[in-house]
Amino acid sequence: MLALAYSGGRDSSALLHATVHAAARLNADCGAALQVLALHVHHGLSTQADGWERHCQAQCQQWADEGLPLSFQSRRLTGAPARGDSVEAWARDGRYRALSEMAQQAGATLLLLAQHRRDQAETVLLQALRGGGVAGLAAMPQGQERAGLSWQRPWLQQPREAIEAYLAQHRLSHIEDDSNADTRYARNRLRLQVLPALQAAFPQAEQALAQTAQWAQQALALQTEIAASDAAAAEAAGLWRADALDLAALRALSPARANNLLRHWLELVLGQPAPASLVQRLLSEALRRPRHQAAARWPTPGPMLELYRDVLRPLPPPPAASTAGALVDAVVEAVDFSQPGDYRLAGWPGVWRVRLAMPADPGLPADLLRRAELRRRSGGEQFQLQARTPPRGLKKCWQAAAVPASARQAPLLYARDALVYVHGLGLDARVERCAGGLLIAWVPDEA
Ligand SMILES: Nc1ncnc2c1ncn2[C@@H]1O[C@H](COP(=O)(O)OP(=O)(O)OP(=O)(O)O)[C@@H](O)[C@H]1O
């Protein structure tokens, strides 16, 4: 059984036609019994999605009736992207999960996807425009093993024109997704507004960008090999464990290798690639921190990291928070303060008070507080007390405002990686505000 991801669009329609005919030829010529299973995912996002699903099913039925070895299955995604999340990323994750489950349930070990060279060129450019690193520029692999399933993109080196010609030659029908014209999506903007100009000025652009992806894939493989070998050496020296990294392992390496090894360890700890800002902070703050200094902590998308005596460790999640009628994330340091209320979080001796400002008064945008973070002071923070004064070290600001030492233990509130609020000082002058937004304050428990 061979599975194929079939959206009903031009590329997967062409690939399905080519695959099912190749399977029929193999069955006839070699006595094989190869079956193709077309898998469709209904994202539930477009009003047209029911029609697309019906089109895919009808097309497969027609080809099966003609005697081709083909069957069809579809699945509807449930839920919806959370507010503020990327619709594209939500749809992609759900689609890959659904495809993987359907293929495995059917006993398929091979799953074909129909991306081609222009898709690859777009991905490279999008990654470059986001400032992506080698892993981003490596774009889509031709093939990849995931959870017992081989995902393959047989047409990744094919130009789109070849697929157009195939469709025309076989007079294949396909659906048009109207969202492909929606330039709110970055990929569509690139495809509709940028690539035509780029191709006109540099006719080899698509090929060259796809070639860049291949170079980046090689560089990525090298990075991974070097990280594995450096990790093995560090482990042999007692400096590396899955739950502890002695920074001596990094100090022994060149800056580029130290960066590579740290990212490797963080990916194991976080279960996902580490944000570049975290890697940079750790390299500039943790590596420079004298061994005898008190412990320091860094928030991450996963567990909090703590550095103590030159050893970096992920901290276990804090115990479940006691709440005062407010929503609390299990990871205490990542919080949603976008709704008015009182928030008491485990491990912090006080309450966060969030209130609505009067309609004409300035407050913080709810969006800003939706993904706030609480951090302990780690040193080196800058704070701006007033507009038109330069930011200064937090300690200097506390001294200037005569904030007592006891008040300096309060958590620091961050959003979008910037310091927003400090107990005793209030809001940083640079923070965005809007009329009728939210007011926030830390109210410490009485001693
Ligand atoms: N709804 C879907 N159901 C099943 N597979 C899909 C779906 N959407 C995309 N795919 C698979 O992922 C590949 C890349 O997705 P992309 O969004 O670029 O495709 P598309 O423009 O919707 O359709 P096509 O690539 O067929 O023209 C598709 O070629 C197809 O193999």
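Which residues of α10 are buried? In this predicted model, the buried residues of α10 are Asn260, Leu261, Leu262, Arg263, His264, Trp265, Leu266 and Val269. A residue is termed buried if 20 or more other C-beta atoms lie within 10 Å of its own, exposed if 12 or fewer do, and partly exposed in between, with C-beta atoms placed from the backbone. Helices (H or I, at least four residues) and strands (E, at least two) are DSSP runs numbered from the N terminus.

Residues are numbered from 1 along each chain as its sequence is written. Because the model is predicted, local features need pLDDT of at least 70 and side-chain atom pairs count only at pLDDT 80 or more, while totals for chains, interfaces and linings use all residues.

## Overall architecture

The protein chain contains 13 helices and 23 strands. Of its 447 residues, 28% are buried. Two residues are in contact if their C-beta atoms, placed from the backbone, lie within 7 Å. Among contacts with a separation of 6 or more, 64% join residues 24 or more positions apart.

The buried residues of α10 pack against α8 (205-236), β8 (244-246), α9 (248-251), α11 (276-286) and β11 (311-314). In α1, the buried residues are Arg10, Asp11, Ser12, Ser13, Ala14, Leu15, Leu16, Thr19 and Val20. They pack against β1, β2, α2, β3, β4 and α6 (160-170).

## Nonpolar cores

A nonpolar core is a set of buried Ala, Val, Leu, Ile, Met, Phe, Trp, Tyr and Cys residues joined through C-beta atoms within 7 Å. The largest such core has 33 residues, and those with the most contacts inside it are Ala3, Leu4, Ala5, Ala38, Leu39, Leu99 and Leu111. Two or more residues each come from β1 (2-5), α1, β2, α2 (49-65), β3 (70-76), α3 (87-105) and β4 (110-112). The most are given by β2, with five residues. Leaving aside residues up to four places away in sequence, Leu4 touches Leu15, Leu16, Thr19, Val36, Ala38, Leu39 and Leu112. A second, separate core has 25 residues, including Trp352, Leu412, Leu419 and Tyr421.

## Ligand surroundings

The ligand is surrounded by 16 residues, of which the closest are Ala5, Ser7, Gly9, Ser12 and Ala114; a residue belongs to these surroundings if its C-beta atom, placed from the backbone, lies within 6 Å of the molecule. By class, the shell divides into six nonpolar, five polar and five charged residues. Here Ala, Val, Leu, Ile, Met, Phe, Trp, Tyr, Cys and Pro count as nonpolar, Asp, Glu, Lys and Arg as charged, and the others, Gly among them, as polar.

An unreviewed UniProt entry lists Ser7, Gly8, Gly9, Arg10, Asp11 and Ser12 under "binding site"; such annotations may be inferred rather than shown by experiment. Gly8 lies in the loop between β1 and α1, and it counts as buried because 24 other C-beta atoms lie within 10 Å. Beyond its neighbours within four places in sequence, Gly8 is in contact with Ser13, His40, Trp52, His55, Cys56, His174 and Ile175. Asp11 lies in helix α1 and is likewise buried, with 22 other C-beta atoms within 10 Å. Not counting residues up to four places away in sequence, Asp11 touches Ala114, His116 and Ile163.

## Loop residues

Most residues other than glycine have a negative phi. Arg171, however, has a positive phi of about 50°. Arg171 is found in the loop between α6 and α7 (186-201) and counts as exposed because it has 6 C-beta neighbours inside 10 Å. Ala402 also has a positive phi, near 50°. Its place is the loop between α13 (394-400) and β19 (412-415), and with 8 C-beta neighbours inside 10 Å, Ala402 counts as exposed.

The C-alpha atoms of Ala402 and Gly424, 22 residues apart along the chain, are separated by 8.8 Å. Gly424 lies in the loop between β20 (418-422) and β21 (426-427) and is partly exposed, with 16 other C-beta atoms within 10 Å. Leaving aside neighbours within four places in sequence, Gly424 is in contact with Trp398, Ala401, Val403 and Ala407.
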